[in-house]
Amino acid sequence: LLAIGGAALALSAMAASADELTGTISNIDLNRNTFQLEGKTFTASPTNTVGPKLSELREGDTVTITGAKFHAGKAPYNVLTIRKAE
């Protein structure tokens with residue numbers, strides 16, 4: 001039980017520190033695995049980002065992304081998940 005409680009606490013801490021942003025994709029660069037959303041540059045790793053790959057998305061698609069601290073540090077910001085709007 002202690003291990004399960006510790007894992008749940010770690011996951012809740014990660015979720016609390018994650019930023020979420022919804023917007024329209026522009027300027028996809030598949031060579032650098034980057035894209036622009038709401039005027040900011042993000043990177044989506046083909047092996048570590050959960051959701052559709054950048055090659056499956058198009059400029060103009062609306063997505064919701066999550067990652068850590070999109071407002072802090074230098075761009076590109078690392079995206080953890082991408083969800084395409086239906």
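Q: A polar contact is a pair of N or O atoms within 3.5 Å; within protein, one must be able to donate a hydrogen and the other to accept it, and residues adjacent in sequence count only if both atoms are side-chain atoms. What makes Asn33 and Thr43 such a pair?
A: The backbone oxygen of Asn33 lies 3.1 Å from a polar atom of the Thr43 side chain. That value is within 3.5 Å, so the pair is a polar contact.

Q: What kind of model is this, and which pLDDT values do its features need?
A: The model is predicted: local features need pLDDT of at least 70 and side-chain atom pairs count only at pLDDT 80 or more, while totals for chains, interfaces and linings use all residues. Residues are numbered from 1 along each chain as its sequence is written, and side-chain values use heavy atoms, with hydrogens and water left out.

Q: Which elements does the protein chain have, and in what order do they run from the N terminus?
A: The chain has one helix and five strands, in the order α-β-β-β-β-β. Helices (H or I, at least four residues) and strands (E, at least two) are DSSP runs, numbered from the N terminus. Thr43, for example, lies in strand 3, residues 40-43.

Q: Which residues is Thr43 in contact with, leaving aside its neighbours within four places in sequence?
A: Contact means heavy atoms within 4.5 Å. By that rule Thr43 is in contact with Arg32, Asn33, Thr34, Pro76, Tyr77, Asn78 and Val79.

Q: What makes Glu20 and Arg83 a salt bridge?
A: A salt bridge is a side-chain nitrogen of Lys or Arg within 4 Å of a carboxyl oxygen of Asp or Glu. The N to O distance between the side chains of Glu20 and Arg83 is 3.6 Å, so the pair meets the definition. Glu20 lies in strand 1 (residues 18-29) and Arg83 in strand 5, so parts 63 residues apart in sequence are tied together.

Q: How many salt bridges does the structure hold?
A: It holds two. Lys84 and Asp61 form a salt bridge too, their closest N and O atoms being 3.5 Å apart. Lys84 is in strand 5 and Asp61 in the loop between strand 3 and strand 4, 23 residues apart.

Q: Is Asp61 buried or exposed?
A: Buried means under 20% relative accessible area, exposed over 50%, and partly exposed in between (1.4 Å probe, protein chains only). Asp61 has 15%, so this residue is buried.

Q: Why does Glu20 count as exposed?
A: Glu20 has 54% relative accessibility, which is over 50%, so the residue counts as exposed. Arg83, at 44%, is partly exposed.

Q: What makes a group of residues a nonpolar core, and which members of the largest one touch the most others?
A: A nonpolar core is a set of buried Ala, Val, Leu, Ile, Met, Phe, Trp, Tyr and Cys residues joined through side-chain atoms within 4.5 Å. The largest has 13 residues, of which Phe35, Leu37, Phe42, Val63, Ile65 and Ile82 touch the most other members. Two or more residues come from each of strand 2 (34-37), strand 4 (62-68) and strand 5 (77-84). Strand 5 gives the most, three residues.

Q: How do you know where to be careful with this model?
A: pLDDT is the predictor's confidence in each residue, from 0 to 100. Over residues 7-15 it stays under 50, and the model has zero contacts beyond four places in sequence for them. Where pLDDT is low, the predicted coordinates should not be read in detail.
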